[in-house]
Amino acid sequence: MELDRVIKERRSIRKFLDKPVEREKINACLEAARLAPSACNSQPWHYIVIDDPQLKADFCQEAFGGVYKMSAWVEKAPVIVAVVSDRGNFTSRIGNFFRSTEFFLVDQGISGEHFVLRAHDLGLGTCWIGWLDSKKAGKFFNLPSGKKIEHLFAVGYPAENPAPRPRAKLEEIVSYNKF
Ligand SMILES: Cc1cc2nc3c(=O)[nH]c(=O)nc-3n(C[C@H](O)[C@H](O)[C@H](O)COP(=O)(O)O)c2cc1C
């Protein structure tokens, strides 16, 4: 599909067909994520693909309890991809320190968007999920200290076709040669 069309057509999908997603397609999305640029080329990410139904149910029990219950619908997605963050390599961390920023989160955003755009290109629907219990989700996979599940993707064949959500107009978010 043409890139412009993929960007314009992608939507957050929260209802999925009860149809398994081929691992080849998931791998193609992961390959797109892998190719993303990152500060100092630190590639501060690891993707855990959860496509075993029982494991998915057990994971969701942990990740979406209490105040995170509103994300419980994610269990209905045939596949969940959890993004484990790494705080970046040494040079990137020095950059964080001097810039007072978290480059690894920027990097994960870029990589994640590669993932969801490629998914749309392949006819899959996705939704970024930031509303989860990262502590319990990390414990579920015995993550070592310093690693954290920052966000997830719900992935599957779409069972809805939502209208575009509003966006600010270009003139509201852009200025040339001044702020
Ligand atoms: C970092 C991030 C976290 C998000 N977390 C959630 C979430 O926890 N639950 C949810 O339903 N949608 C979540 N979304 C989806 C946004 O609500 C959605 O992208 C936004 O409303 C625009 O709609 P669109 O993606 O259909 O264009 C998240 C999106 C991003 C980029």
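1. Helix α5 spans residues 103–121, which makes 19 residues. From its first C-alpha to its last it reaches 27 Å, close to the 27 Å expected at 1.5 Å a residue; the expected span is 1.5 Å times one less than the number of residues. Helices here are DSSP runs of H or I with at least four residues, strands are runs of E with at least two, and both are numbered from the N terminus. Please keep in mind that this is a predicted model, in which local features need pLDDT of at least 70 and side-chain atom pairs count only at pLDDT 80 or more, while totals for chains, interfaces and linings use all residues. Residues are numbered from 1 along each chain as its sequence is written.

2. Which residues of α5 are buried? They are F103, F104, D107, Q108, S111, G112, F115, V116, L117, R118, A119 and H120. A residue counts as buried if 20 or more other C-beta atoms lie within 10 Å of its own, as exposed if 12 or fewer do, and as partly exposed in between, with C-beta atoms placed from the backbone. As background, an α-helix has 3.6 residues a turn, so residues three or four places apart point the same way. Just after α5 comes G123, with a positive phi of about 85°.

3. Now to the sheet. It is open and has four strands in the order β1-β2-β4-β3, with antiparallel pairing; strands pair if DSSP finds at least two bridges between them. The edges are taken by β1 (45–50) and β3 (125–129), each with a single partner strand, so one side of each has no neighbour in the sheet. On average, neighbouring strands are turned by 20° against each other, direction ignored; the axes behind such angles are lines fitted to C-alpha atoms, for helices over the stretch in contact, and angles run from 0 to 180 degrees between N-to-C directions.

4. Six bridges join β1 to β2 (residues 79–85) in the antiparallel sense, and H46 stands opposite V84 in β2. Between β3 and β4 there are five bridges, also antiparallel, and W128 has F153 in β4 as its bridge partner.

5. Four of its five residues are buried, so β3 is largely enclosed by the rest of the structure. This strand also gives the largest share of the shell around the ligand, three residues.

6. What surrounds the ligand? The shell consists of R11, S12, R14, S71, C127, W128, I129, G130, W131, H151, P162 and R165, where a residue is near if its C-beta atom, placed from the backbone, lies within 6 Å. These residues divide into five nonpolar, four polar and three charged.

7. Q43 is in the loop between α2 (23–34) and β1 and is buried, with 20 C-beta neighbours inside 10 Å. N142, in the loop between α6 (134–140) and β4 (148–156), is exposed, with 7 other C-beta atoms within 10 Å.

8. Finally, E160 sits in the loop between β4 and α7 (170–173) and is exposed, with 12 other C-beta atoms within 10 Å. E160 and S12 are 148 residues apart in sequence but 9.8 Å apart in space, C-alpha to C-alpha. Leaving aside neighbours within four places in sequence, E160 is in contact (C-beta atoms, placed from the backbone, within 7 Å) with I13 and K15.

Notes:
Ala, Val, Leu, Ile, Met, Phe, Trp, Tyr, Cys and Pro count as nonpolar, Asp, Glu, Lys and Arg as charged, and the others, Gly among them, as polar. Two residues are in contact if their C-beta atoms, placed from the backbone, lie within 7 Å.
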